[in-house]
Amino acid sequence: QKQCGGERLDLRFINLNPNPEVRYGSRMDAQEAFDSLSNSEGDDTGPISGRFLTRAEEMQYWVRFYRERRIRSETASEDRKSGRIVKVIGLDEFCNWKAVYNSLLKLEAGVVYLNYNVGEEQCKVRMKDTASAQRLVQKLSTDDAEVAGARVSSASILEGEEEAEYWALVDANTKRA
């Protein structure tokens with residue numbers, strides 16, 4: 001930690017103008033980023049300026065962080081309405097995540113989250129609402145439907161036990177993180 005004008009500064013948080021705070025995993029990472037920012041000339045919009053947050057600013061950051069986290073967890077039950085998860089089968093084993101995501105987003109704008117691992121021939125897509133999930137299934141059910149250059153063999157909305165397994169996996173991954 002450094003002292004600046006009598007206030008302790010936390011080296012893991014940098015306030016970048018005009019952007020909000022950036023949080024780093026360690027003091028060393030933040031110091032390295034700060035040093036490289038200090039030496040850079042910025043981009044087309046001009047130079048980037050930054051400073052370490054004061055202890056009080058860091059506390060405000062954490063208050064906001066935990067408040068937003070609580071709100072997200074309170075609204076999580078709303079996100080789990082049935083009929084919003086689409087299972088897509090027939091992906092190429094060499095598709096990358098970003099290509100699959102962008103391809104699905106072009107088909108239907110309601111894509112919220114994509115569960116896909118490179119090398120698998122299927123993915124699960126969490127949609128904004130049931131209407132957008134149904135529209136995506138309709139679009140993927142045509143004979144010429146493709147996702148990231150691969151012809152889709154089937155698309156369906158998860159129901160019942162299959163949907164419960166999906167949410168159990170999401171919960172397990174969330175607790176691990």
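Four antiparallel bridges join strand S5 to strand S10 (residues 154-157). Two strands count as paired if DSSP finds at least two bridges between them. Helices (H or I, at least four residues) and strands (E, at least two) are DSSP runs, numbered from the N terminus. Within this pairing, Val88 has Ala155 of S10 as its bridge partner. The model is a predicted one, in which local features need pLDDT of at least 70, side-chain atom pairs count only at pLDDT 80 or more, and totals for chains, interfaces and linings use all residues. Residues are numbered from 1 along each chain as its sequence is written, and side-chain values use heavy atoms, with hydrogens and water left out.

The chain holds five helices and 10 strands. Its average pLDDT, the predictor's confidence in each residue from 0 to 100, is 78. A score of at least 70 is reached by 69% of the residues. Over residues 1-11, the pLDDT is below 50. This stretch still has 27 contacts in the model beyond near neighbours in sequence. A contact means heavy atoms within 4.5 Å. Where pLDDT is low, the predicted coordinates should not be read in detail. Among contacts in the chain with a separation of 6 or more, 60% are between residues 24 or more positions apart. Of the 177 residues in the chain, 31% are buried. Buried means under 20% relative accessible area, exposed means over 50%, and partly exposed lies in between (1.4 Å probe, protein chains only).

Strand S5 (residues 85-89) is largely enclosed by the rest of the structure, because four of its five residues are buried. S5 also pairs with strand S7 (residues 122-127). These two strands run antiparallel and are joined by five bridges. Lys87 has Lys124 of S7 as its bridge partner. In a regular strand the side chains alternate between the two faces of the sheet. Arg84 is found in the loop between helix H2 (55-79) and S5. Arg84 is buried, at 6% relative accessibility. The C-alpha atoms of Arg84 and Ala133 are 5.5 Å apart in space, although the two residues are 49 apart in sequence.

S7 has a further antiparallel partner, strand S6 (111-115), and four bridges join S6 to S7. Leu114 has Val125 of S7 as its bridge partner. The hairpin of S6 and S7 has six residues between the strands. In this hairpin, Gly119 takes a positive phi near 100°. Gly119 is partly exposed, with a relative accessible area of 44%. Its C-alpha atom is separated by 7.3 Å from that of Cys95, 24 residues apart along the chain.

Which residues line the second largest pocket? The lining consists of Asn115, Tyr116, Asn117, Glu120, Gln122, Cys123, Lys124, Glu162, Glu165, Tyr166, Leu169 and Asn173. On a 1 Å grid over the protein atoms alone, a pocket is an open set of points where a 1.4 Å probe fits, with protein on both sides within 12 Å along at least five of seven lines; lining residues have an atom within 4 Å of a point. The volume of this second largest pocket is about 260 Å³. Grid points are joined across faces, edges and corners, and a volume is the space filled by probe spheres set on the points. S7 and helix H5 (160-176) each supply at least two residues of the lining. H5 gives the most, with five residues.

A search of the whole structure finds zero disulfides. A disulfide is a pair of cysteine sulfur atoms within 2.5 Å. Cys95 is in no disulfide, and the nearest cysteine sulfur, that of Cys123, is 9.1 Å away. Cys95 is buried, with a relative accessible area of 6%. Cys123 is likewise in no disulfide. Cys123 is buried, with a relative accessible area of 1%.

Two further residues complete the description. Ser132 is found in helix H4 (residues 130-140). Ser132 is buried, with a relative accessible area of 0%. Not counting residues up to four places away in sequence, Ser132 touches Glu108, Gly110 and Met127. Ala148 lies in the loop between strand S8 (146-147) and strand S9 (150-151). Ala148 has a positive phi of about 55°, although it is not a glycine. At 28% relative accessibility, Ala148 counts as partly exposed.
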